[in-house]
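Here is a friendly walk through a protein model for someone meeting it for the first time. Have a look at the sequence and the structure, then read on.

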Amino acid sequence: MGASLGMVPGLLLATGQVLPVSSVHRLARTSTLVRIVMNADGQVLDMGRKVRLATPAQRRAIFARYATCWIDGCPLPATMCQIDHADNWSSGGLTDLKLLGPACQFHNRDRYQHPERYTRRKEGTDRWAFTYHRLGRARRLRE
């Protein structure tokens, strides 16, 4: 008698075919795992470090959460902003929806170049805001 499908080692694919255990082992040795979190409609929301740019689904969710740039007082509408990482991606920040927000081009670049000028605070469970601190202007010495 042949082995029943339940007793064949391997991985059952969405197509109904069984991937042999030797192929599963080969994939485990040569592949990289990527954690992806999707919503109920199958849209990608969280992608960890493997991807830097926000997906269209993430962008739509960000536009629903934020009306403007996430820097206090900046009036640029979120839909005209770049998507920014709360923790700079180059420093290990994640491309996860809860850590993304809209930043106008100036604030996105300036916060990356001068992080000491900004203070971050959490607003609610899924939003961040930043306060920009102007540097003191150098006073001219009176002659």
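Over which residues does pLDDT stay under 50? That happens over residues 137–143, for which the model has zero contacts beyond four places in sequence. Here pLDDT is the predictor's confidence in each residue, from 0 to 100, and contact means heavy atoms within 4.5 Å. Where pLDDT is low, the predicted coordinates should not be read in detail.

Residues are numbered from 1 along each chain as its sequence is written, and side-chain values use heavy atoms, with hydrogens and water left out.

**The overall picture**

The protein has a mean pLDDT of 78, and 70% of its residues reach 70 or more. Its secondary structure comes to three helices and eight strands; these are DSSP runs numbered from the N terminus, with helices (H or I) of at least four residues and strands (E) of at least two. Read from the N terminus, the order is β-β-α-β-β-α-β-β-α-β-β.

Of the 143 residues, 30% count as buried. Buried means under 20% relative accessible area, exposed means over 50%, and partly exposed is in between (1.4 Å probe, protein chains only). Among contacts with a separation of 6 or more, 43% come from residues 24 or more positions apart.

**Around Trp70**

The largest nonpolar core has 19 residues, and those with the most contacts inside it are Cys69, Trp70 and Ile71. Helix H2 (56–65), strand S6 (100–103) and strand S8 (127–132) are the elements giving two or more residues to this core. A nonpolar core, by the way, is a set of buried Ala, Val, Leu, Ile, Met, Phe, Trp, Tyr and Cys residues joined through side-chain atoms within 4.5 Å.

**Rings and charges**

The count of aromatic pairs is three. To pair, rings of Phe, Tyr and Trp (its six-membered ring) need centres within 6.5 Å; planes under 30 degrees apart count as stacked, over 60 as edge-to-face and the rest as tilted. Two of the pairs look like this:

| Pair | Centre to centre | Angle between planes | Kind |
|---|---|---|---|
| Tyr66 and Trp70 | 6.0 Å | 85 degrees | edge-to-face |
| Tyr118 and Tyr132 | 5.2 Å | 55 degrees | tilted |

Tyr118 lies in strand S7 (residues 118–123) and Tyr132 in S8, so their pair ties together parts that are 14 residues apart in sequence. Tyr118 is buried, at 9% relative accessible area, whereas Tyr132 is partly exposed, at 26%. Ring pairs also link Tyr66, Trp70 and Phe130 into a cluster.

Charges sit over rings too, which requires NZ of Lys or CZ of Arg within 6 Å of the ring centre and within 35 degrees of the ring normal. Arg111 lies over the face of Phe130, 4.2 Å from the ring centre. Likewise, the charged end of Arg120 sits over the ring of Trp128, 4.4 Å from its centre.

How many bridges join S7 and S8? The two strands pair in the antiparallel sense over six bridges (pairing takes at least two DSSP bridges between strands). Lys122 has Trp128 as its bridge partner in S8, and Glu123 stands opposite Arg127. The hairpin has three residues between the strands, and Gly124 takes a positive phi near 75 degrees.

Thr131 also belongs to S8 and counts as partly exposed, at 25% relative accessibility. From C-alpha to C-alpha, Thr131 and Trp70 are 8.8 Å apart in space, though 61 residues apart in sequence.

Finally, take helix H3 (residues 105–113), where His107, Asn108, Asp110 and Arg111 are buried. The buried residues of H3 pack against strand S5 (82–85), S6, S7 and S8.

Technical notes: Predicted model: local features only at pLDDT ≥ 70, side-chain atom pairs only at ≥ 80, totals over all residues.
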